[in-house]
Amino acid sequence: MIEFKIRKRNIDTLIDFILQNDPNADVSMVRRAYEVAESAHEGQMRLSGEPFIIHPLEVAINLAQLKLDMATISAGLLHDVVEDTRYTLEFIEENFSRDVAMMVDGVTKISSIKSRSKATAQAETLRKMLLATIKDVRVIIIKLADKLHNMSTLIFQPPHKQERIAKETLDIYAPIARRLGISVVAGRLEDLAFRILYPEEYEQIKESIAQRQHEVQEYVDNIRHEIKDRLSGLKINVDIKARAKTYYSIYRKLVENNKSVDQIYDIRGIRIITDEVKDCYGVLGVIHSTWSPIEGRFKDYIAVPKSNMYQSLHTTVIGPSGFPLEVQIRTKEMDATAEIGIAAHWVYKEGEKSFKRDSQKLSILNNLSSMNLDDLNTRDFVSTVRMDLYENEIFVFTPNGKIVKLAEGATPVDFAYAIHTEVGNRCSGAKINGKIVPLKSRISSGDIVEILTNKNAKPSSAWLKFVKSSNARYKIRSWLRRQSEDQLKLDEEEKKKLLKKKESKTVNVTLPDEEALRLRKYTKDKKSGITIEGNSNVLINLAQCCQPIPGDDVIGFITRGRGISVHKKNCPSLIRLQSEKERFIKIVWEEDEKNRYPVKIAVEAVDRPNLLKDVTDEISLAKSNIMKVEAQVSGGTAYLKFIIEVSSHEHLSEIVKKIKTVQNIREVFQVNEKVVIK
């Protein structure tokens with residue numbers, strides 16, 4: 001197993017690691033990246049008192065130990081420069097490559113988030129990183145290397161930060177590493193977090209394992225000699241070693257099975273490494289003929305690899321002295337993949353093209369890429385990621401014999417959506433092993449599942465209570481959301497119909513013909529930006545019932561004691577004034593963009609973090625002043641009300657268009673008219 005040790009090292013240490021993996025490697029980019037990082041972080045110190053450059057150097061060494069390429073190692077050296085120094089992504093792209101810049105950007109925190117909740121900011125940064133990871137899995141590998149070094153030096157942080165960071169590592173980053181198949185990093189992260197969160201349990205298990213180390217080693221040595229003796233006549237070369245279990249994995253097994261350390265026998269495990277796949281099955285035959293296999297404990301992950309590309313034969317036998325013995329059998333290449341996951345592609349010189357192609361086979365990335373992460377609010381996003389990280393796998397079959405991988409505890413609905421979105425949306429029933437079962441039934445490994453469909457069937461919100469996979473949950477929610485949006489459109493059409501009926505009852509007021517002929521003198525009111533008939537300086541008010549603005553077809557009404565009230569010509573308030581046509585007066589808008597007019601608008605949207613900020617940003621970009629804002633949330637829907645200043649009808653339309661570009665917006669309308677603005 002690769003050992004990650006923290007000690008003072010320098011650029012030559014990093015270069016040595018690279019050349020050990022590939023003596024012909026061109027390290028010029030790495031040296032340049034180190035020089036830039038050293039210059040960028042000059043004068044910066046870590047809490048440990050060490051120069052900051054030690055951190056990116058250790059991250060790069062971790063990546064070199066994972067046998068990553070020069071671009072990734074260079075990005076590891078540069079991963080903090082954009083966030084903490086004067087250097088920009090443009091500089092990195094110009095001086096290194098677009099790939100390096102993209103990876104650095106992917107792991108850079110979103111510093112612009114001004115959230116009340118630190119958890120929300122962390123979730124949004126994780127969302128950004130996973131979106132970048134979908135394009136290039138090396139982004140998350142850099143983050144894991146970064147997290148590994150930070151966890152190794154966590155002791156210098158205050159206790160409350162140690163606990164928060166350790167919990168985040170155990171909940172998110174260690175599971176991500178495991179789902180990517182990078183078990184060597186996952187195990188190290190788990191143990192580092194375990195030591196912080198459960199110090200007493202950590203020390204107890206560490207001491208107990210240390211006390212039994214000699215006994216277990218002697219047991220494994222005896223087995224090694226016996227297996228090699230039995231394989232000698234078959235001309236199969238093998239390397240046999242003890243299978244090390246992490247302290248945290250032992251702790252989890254103790255908790256899950258309510259046992260003591262003395263009762264956990266699978267710390268007696270061996271791993272047998274062979275040259276070829278056929279040799280794996282040859283070794284399996286020898287193992288099973290030497291010791292009795294335990295029924296139900298054999299798994300062939302070579303024929304059916306795990307979704308993180310892990311391949312191995314697993315079996316448990318009753319070994320010497322009657323102790324259960326766990327045995328894993330795999331080739332050298334499979335062993336490399338088991339420890340460093342997708343990064344093993346660089347070990348076997350398969351290159352970047354193969355690396356990027358096969359990384360898309362990883363279930364966590366495949367699931368995430370099938371979703372629109374921007375559509376998920378922070379809570380749903382975190383829930384979806386967690387669901388993907390913690391699911392164990394089962395393998396089931398279609399009636400045609402195709403193997404389908406599902407989350408442990410999956411139901412026929414999960415299976416249906418794994419086949420195709422439309423199969424899930426039209427699912428009306430299911431059969432497991434030929435028998436009709438409820439849709440919430442649990443599927444077991446080896447089951448044959450058949451989905452019954454009906455063109456009139458549709459997803460139910462009740463399915464969300466029992467589906468297991470994030471993929472099914474996302475697709476069900478997407479369907480339900482589309483139906484809700486369609487209903488909103490129907491409601492909008494109804495609003496339009498009601499509006500037309502209302503307009504048909506309004507009066508389009510016009511001036512009498514004789515007045516229209518004599519309107520030659522006008523007085524300009526600078527405050528309102530309009531011109532009225534006559535020379536008298538009278539008070540002018542823009543009616544709040546219809547909120548007229550330049551561009552609207554308007555008319556004035558001479559009030560008693562309150563000057564002239566300006567209305568839109570189709571304003572319903574004018575209906576009752578039809579009998580007083582002599583009091584109507586012609587109004588002309590002046591073309592002066594300096595004038596501003598208050599308008600009330602309302603915004604309806606699906607609630608999410610930063611919604612209000614994003615809307616106000618767009619209003620500001622449209623050069624409008626916000627005079628007042630109100631916000632409330634009900635049932636996941638946000639209602640925002642603004643009083644804004646506009647210069648014209650065209651200005652208002654521009655603002656509305658900008659607001660509609662904001663994610664999750666449903667509709668925008670003027671409050672007084674209840675009319676959706678196009």
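Biologist: In this predicted model, how are H9 and H11 oriented to each other?

Modeller: Helix H11 covers residues 183-197, and its axis lies 10 Å from that of H9, the two packing at an angle of about 30°. Angles under 35 degrees count as roughly parallel, and therefore H9 and H11 are, relative to each other, roughly parallel.

Biologist: How many nonpolar residues does the contact of H9 with H11 have?

Modeller: On the H9 side the contact involves Leu144, Lys147, Leu148, Met151 and Ser152, which meet Val185, Arg188, Leu189, Leu192 and Ala193 of H11. Sorted by class, the contact of H9 with H11 has two charged residues and one polar, while the nonpolar ones number seven.

Biologist: What is the handedness of the crossing in which H7 passes H9, and of the crossing of H9 and H11?

Modeller: The crossing of H9 and H11 is left-handed. Where H7 passes H9, however, the crossing is right-handed.

Biologist: Over the face of which rings does Lys306 lie?

Modeller: A charge sits over a ring only if it is within 6 Å of the ring centre and within 35 degrees of the ring normal. Lys306 lies 4.9 Å from the ring centre of one tyrosine, over the face of Tyr301. At 5.1 Å from the ring centre, Lys306 also lies over the face of Tyr310.

How values were computed: Residues numbered from 1 in each chain as written. Predicted model: local features only at pLDDT ≥ 70, side-chain atom pairs only at ≥ 80, totals over all residues. Heavy atoms only, no water. Left-handed = near helix turned anticlockwise from the far one by under 90°. Helix = DSSP H or I, 4+ residues; strand = E, 2+ residues; numbered from the N terminus. Axes fitted to C-alpha atoms, helices over the stretch in contact; angles between N-to-C directions. Parallel < 35°, antiparallel > 145°, perpendicular 65-115°, else oblique. Contact = heavy atoms within 4.5 Å. Nonpolar A, V, L, I, M, F, W, Y, C, P; charged D, E, K, R; others polar.
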